[in-house]
Amino acid sequence: LFRSKRKIINPNPNVNKILQDRYIEKNFINELGLKTVNYINLEDQNQLEEFKSKYNKIMIKTRKMGYDGKGQLEINHQNDKYKLETKDHFIAEEKIILKYELSLISTRYKSNKITHFLPSQNYHEDQILRQTLNPCSNILLHHFQKMKIINEKIMSNLNYIGTMCTE
């Protein structure tokens with residue numbers, strides 16, 4: 001006879017339900033009191049048109065599986081036409097212009113101790129990462145403390161054990 005032994009898997013695979021769905025992830029982040037861009041879950045064409053009327057530029061993104069510009073569409077003007085395919089799941093976000101993006105890799109251990117790498121500075125073109133500087137320039141290191149607090153809040157609230165990168 002074989003005895004089945006249960007193994008604990010870290011990070012908990014249930015975390016993926018939150019972190020791999022842009023809409024659920026943004027809701028989670030905002031519930032923690034952290035700010036994201038303005039966004040909505042798109043369920044029909046009327047919602048898209050209403051959201052477009054509020055912002056100069058918006059991004060339509062798939063809720064799941066988008067990266068490096070894939071699963072994303074930029075709408076620059078109120079007059080841009082896009083027919084929403086409601087069989088898929090999308091969010092709309094207010095488009096913001098970034099000079100750069102900062103990212104921080106952190107590890108949370110079973111003991112709840114958290115360690116952090118130095119932040120990276122990321123440059124994008126057309127929603128695609130083109131260059132990363134690590135560590136970021138000294139001018140930007142003053143953001144490091146705030147970034148650590150954000151990562152610690154996210155990891156603790158997810159009861160996340162493992163290594164994570166936030167941007």
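Helix 3 (residues 45-54) lies across strand 1, strand 2, strand 3 and strand 4, running at about 160° to strand 1. The model is predicted.

User: What is the strand order of the open sheet, and how do the strands pair?

Analyst: The open sheet has four strands in the order 1-4-2-3, and the pairing is antiparallel. Strand 1 (39-42) and strand 3 (72-75) stand at the edges with a single partner strand each, so one side of each has no neighbour in the sheet. From one strand to the next, the twist averages 20°. Strand 2 (residues 58-62) pairs with strand 4 in the antiparallel sense over five bridges. Lys61 stands opposite Ile91 in strand 4.

User: Which strands does helix 2 touch?

Analyst: Helix 2 (residues 22-31) packs on the sheet and touches strand 1, strand 2, strand 3 and strand 4. The direction of helix 2 makes about 145° with that of strand 1. For helix 3, the corresponding angle to strand 1 is about 160°.

User: Which residues form the largest nonpolar core?

Analyst: The general idea comes before the case. In soluble globular proteins, nonpolar side chains tend to be buried together. Here the largest nonpolar core has 11 residues, among them Val15, Phe28, Ile29, Leu32, Leu34, Ile114 and Met164. Helix 2 and helix 4 (144-158) each supply at least two residues of this core, and helix 4 gives the most, with three residues. Beyond its neighbours within four places in sequence, Leu34 is in contact with Ile29, Ile150, Lys153 and Ile154. A second, separate core has 10 residues, including Leu42, Phe51, Tyr55 and Ile60.

User: How many aromatic pairs does the structure hold?

Analyst: There are three aromatic pairs. One of them joins Phe51 and Tyr55, and is tilted, at 4.8 Å centre to centre with 50° between the planes. Both Phe51 and Tyr55 are buried.

User: Why is the pair of Tyr100 and Tyr123 edge-to-face?

Analyst: Planes over 60 degrees apart count as edge-to-face. The planes of Tyr100 and Tyr123 stand at 65°, with ring centres 6.5 Å apart, so this pair is edge-to-face. The pair links distant parts of the chain, 23 residues apart: Tyr100 is in the loop between strand 4 (90-94) and strand 5 (101-108), and Tyr123 is in strand 7 (residues 120-125).

User: Where do Tyr100 and Tyr123 fall in relative accessible area?

Analyst: Tyr100 is partly exposed, at 29%, and Tyr123 is partly exposed, at 28%.

User: Which residue lies over the face of Phe144?

Analyst: Lys148 lies over that face, at 4.8 Å from the ring centre.

Definitions and conventions: Residues are numbered from 1 along each chain as its sequence is written. This is a predicted model: local features need pLDDT of at least 70, side-chain atom pairs count only at pLDDT 80 or more; totals for chains, interfaces and linings use all residues. Side-chain values use heavy atoms; hydrogens and water are left out. Rings of Phe, Tyr and Trp (its six-membered ring) pair if their centres lie within 6.5 Å; planes under 30 degrees apart count as stacked, over 60 as edge-to-face and the rest as tilted. Buried means under 20% relative accessible area, exposed over 50%, partly exposed in between (1.4 Å probe, protein chains only). A charge sits over a ring if NZ of Lys or CZ of Arg is within 6 Å of the ring centre and within 35 degrees of the ring normal. Two strands pair if DSSP finds at least two bridges between them. Axes are lines fitted to C-alpha atoms, for helices over the stretch in contact, and angles run from 0 to 180 degrees between N-to-C directions. Contact means heavy atoms within 4.5 Å. A nonpolar core is a set of buried Ala, Val, Leu, Ile, Met, Phe, Trp, Tyr and Cys residues joined through side-chain atoms within 4.5 Å.
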